[in-house]
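Me: I've got a structure open and would like to go through its sheets and helices with you. Can we take it step by step?

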Amino acid sequence: MIECRSLTKDYGNHLALSNLNLRVESGDAFGFIGPNGAGKTTTIKILATLQEPSEGEAFVGGYSVVDQPDEVRRVLGYMPDQFGVYDGMRVWEYLEFFAAAYRVERPKRRKLVNDVLDLTDLGKRRESFIETLSTGLKQRVCLAKTLLHDPAVLILDEPASGLDPRARIELKELLRELTRMGKTLFISSHILPELADFCNKVGILEKGRLLVSGDVHEIQAGLGKGRMMRVRVLREIETAHKLVDEFNEAHRAEIVDGEILFEYGGEYARLADLTSELVRFGLVQFAEEKTDLEDIFLSVTRGDQ
Amino acid sequence: MTLDLSSTRPRGSFFRRLGRSLFDNPVLLKELRMGLRERRIFIIQTIYLILLGLVTLIFLLTVADQRNSDPSALASAGKEFFQVQFWMQLIMVILITPSLTCGLLSTEKERHSLEMLLASRLTATDIVLGKLGFALCFIFLLLFSAMPLTALIFFVGGVSPGDFLKAYFHLSIAALITAQIGLTFSAREGKTAHATNQSYGLVVLGLIIFLIAIYPISMVFQTTASWWEYAPEAILLLEIGYLTMLMFLKTVNHLRPALKNINAICLAFIVAYLANVGLFSYFLLNNPIGEGDVAAWMFILLMHLFLAGFFIHKPRFITPSETLRYRRSPFARPIFWCGFFALGLFGLATACNGSGNGIWVYSAAGLAVLFIFAYQAVARCLAAMMGPKVHVPTIYYVVVSTTCLVPTFFLSGGNTDYSPLTGIFLSPIIATMGLPTDEPHLTGGSSVAAASVIAYLAMVVILFFMSRGRLAEKPPPKKDIA
């Protein structure tokens, strides 16, 4: 759905992107991670046909961003990091303006605006002037605008920046709903926990170079890191810890706050054997820790070194 | 929410797209909706009508005292008042219009909404036409709302409905060009304050140039046949029209830089320049040459030399992808410039081999064409020699100013030093005018033209060879920050 081939952007005195190769399949939720100045926004601007690459090519929905920009804009919904809303316009007027800007036929615009207002839970704010809305609601209006032409691909640049925790959770729910609808999401952020919940793939960018890209678990395996497992038993925790520690695929087992934490690098089938062994110690919890994107990020990037 | 993508409209032919940009433009609708909700618009309209109303009231009170006087005196007073009213409206329109447009695009940049517009299916042309349309709609609203006041003149007489409509047409043209000036700077600058300063600067400068230009152009056509009665006006409007078009293209290119826009700018500029040169040459060949002709000629030449620095200083600005896409474009290849150069030489060759009154015109026309080429070539070579940090337009303007001003300085006060060191052969003004024929080393205009050509050719060739080494150098490898 999104493909970058040797994408390079050179601003003359600054190489913003260097030979970026990236592939995002249809239906993926791709988290594009990187520190400030890594080249995330440059990549996104190229994909959104706002900038031309110095070298290489990029495709969105099979269309070249350089040679077929209008086709790309037809299948792409773009939400910039700093979005502008117009004062003196009502929410429905704003959305209708963008529906017209995306060349949606006039008779269909009104219904479409109502549909996206319902989807983004903004129906009650339909007649409100945009300047009177909170930052979270403005963000939603902007997302609603992005959905107007029913794009197959959504590119969201730092969608949660500046939002309070509640608005962030609501936005996360909305994005989850969009992935359920089959949209391909390409989300840039440097707030990792917000991506960890619903992105099935990530790409880590630093100083214009893509350091790593792919499935989160595959990246972990590639980095020599196993899945973190958490076990809680009712009795003989020391013996259970010894059992885990002696298990071949388990590493770095330790007892933390009455629970056994260990890194597991083997198959799920072998994990079942370990579980059955632990049952005799009164096993009440055997869970896989959520992927720690921050950990991966810190392992992969070098910071200012 | 489901929407079939096929329901979004196809782009269609050029005329269909143009029609859509003009009459089904979402940007225009949005601007009208937002603009007419602003208090500022009604304040401007109120002040405009109050000022005009006061002047009209004073006039009517004055006329009321003369109601029993001679009707022809009344008509004369009416005509004078109509002119006062026209100039008053013209100045107000010129001052109000840039304030409407100089913030239209820069505020979009300031509030980060321009990106969203450019990422939609709106073209840069749609955006610019929408913004321009809003400004013109408001100005037309002002002009129409003032019509009942201005139409009072018909009770007094002295002005025909034709004059009345013509005045409104002129006001509309003034609104169009000033709106476009504001929009051009708004697209160019990131901040509204900068765009406002530059727009008003150019509007005031343009007004001064207009007042200077109106005299020589009128002088040129004063001896013509009756069907040329409107020629000065028509030419002035054509000039304004093509300047507006160039600025429109420049604005579009600021929003979405593309070689096709730059090609269109260059082509429009060169066609208009050649048309100007051709029109004046044709006219001068068929009429006795007077003092006003030379002034008009020099004015046209100088204006185009300065405009060339603004409009065609980037004829080869291209991104790598555009290089592939537009490699057959005339501006991406030197053959176009060679053809342009040959045209100038042809005019000069005709002048050097001919005789009679037409020589001056031929040599001036040839040089006029050559000057654009020569200045562009010289500025490029000098910029290449000075390195990448020097801007070509800066060099261009330095060269143009130097060659125009230095020889004038040498020849001031009756100085007759015509040696090449004074640079007189490089001066567009002197070369197209011709030196006095009593100069012992020269034998009239054709010799001056020939000397100028040789001087320019030599300069271009020397600079080309001096800068060639620099041009051939490969750029240093970019430091990979990663």
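This is a predicted model: local features need pLDDT of at least 70, side-chain atom pairs count only at pLDDT 80 or more; totals for chains, interfaces and linings use all residues.

Me: What is the strand order of the open sheet with six strands in chain A?

Reply: The pairing in this sheet is mixed. Reading across, the order is β6-β7-β8-β3-β9-β10.

Me: Which strands stand at the edges there, and why is one side of each left without a neighbour?

Reply: Each edge strand has a single partner strand, so one side has no neighbour in the sheet. The two in question are β6 (76-79) and β10 (209-215) of chain A.

Me: By how much are neighbouring strands of this sheet turned against each other on average?

Reply: Here direction is ignored, and the figure is an average over neighbouring strands. That comes to 15°.

Me: What angle does helix α1 of chain A make with β7(A)?

Reply: Helix α1 (residues 40-47) packs on this sheet, where it touches β3, β7 (153-157), β8 and β9 (201-206) of chain A. Taking its direction against that of β7(A), the angle is about 145°.

Me: Back to β6(A): are its residues A:L76, A:G77, A:Y78 and A:M79 buried or exposed?

Reply: A:L76 and A:Y78 point one way from the strand, while A:G77 and A:M79 point the other way. A:L76 also stands opposite A:V153 in β7(A). Whichever way they point, all four count as buried.

Me: How are helices α5 and α6 of chain A oriented to each other?

Reply: The axes of α5 (residues 135-147) and α6 (residues 165-180) come within 10 Å and cross at roughly 20°. The crossing is right-handed. Angles under 35 degrees count as roughly parallel, and therefore α5(A) and α6(A) are roughly parallel.

Me: How do the residues of that contact divide into nonpolar, polar and charged?

Reply: On the α5(A) side there are A:G136, A:Q139 and A:L143, and they meet A:A167, A:E170, A:L171 and A:L174 in α6(A). By class, the contact divides into four nonpolar, two polar and one charged.

Me: Chain A has an open sheet of four strands too; in what order do they come?

Reply: The pairing in this one is antiparallel. β12 (250-256) and β14 (283-288) of chain A each have a single partner strand, so they stand at the edges. The twist averages 20° from one strand to the next. The order is β12-β13-β11-β14.

Me: What is the bridge partner of A:H251 in β13(A)?

Reply: β12(A) and β13 (residues 259-264) of chain A run antiparallel, with five bridges joining them. In β13(A), the partner of A:H251 is A:E263.

Me: And B:L243, is that buried or exposed?

Reply: B:L243 is in helix α11 (residues 231-255) of chain B. The C-alpha atom of B:I181, 62 residues apart along the chain, is separated from that of B:L243 by 9.6 Å. Because B:L243 has 20 C-beta neighbours inside 10 Å, the residue counts as buried.

Conventions: Residues are numbered from 1 along each chain as its sequence is written. Chains are lettered from A and ligands numbered from 1 in the order in which they are written. Two strands pair if DSSP finds at least two bridges between them. Axes are lines fitted to C-alpha atoms, for helices over the stretch in contact, and angles run from 0 to 180 degrees between N-to-C directions. Two residues are in contact if their C-beta atoms, placed from the backbone, lie within 7 Å. Angles under 35 degrees count as roughly parallel, over 145 as roughly antiparallel, 65 to 115 as roughly perpendicular and the rest as oblique. A crossing is left-handed if the near helix is turned anticlockwise from the far one by less than a right angle, and right-handed if clockwise. Ala, Val, Leu, Ile, Met, Phe, Trp, Tyr, Cys and Pro count as nonpolar, Asp, Glu, Lys and Arg as charged, and the others, Gly among them, as polar. A residue is buried if 20 or more other C-beta atoms lie within 10 Å of its own, exposed if 12 or fewer, and partly exposed in between; C-beta atoms are placed from the backbone.
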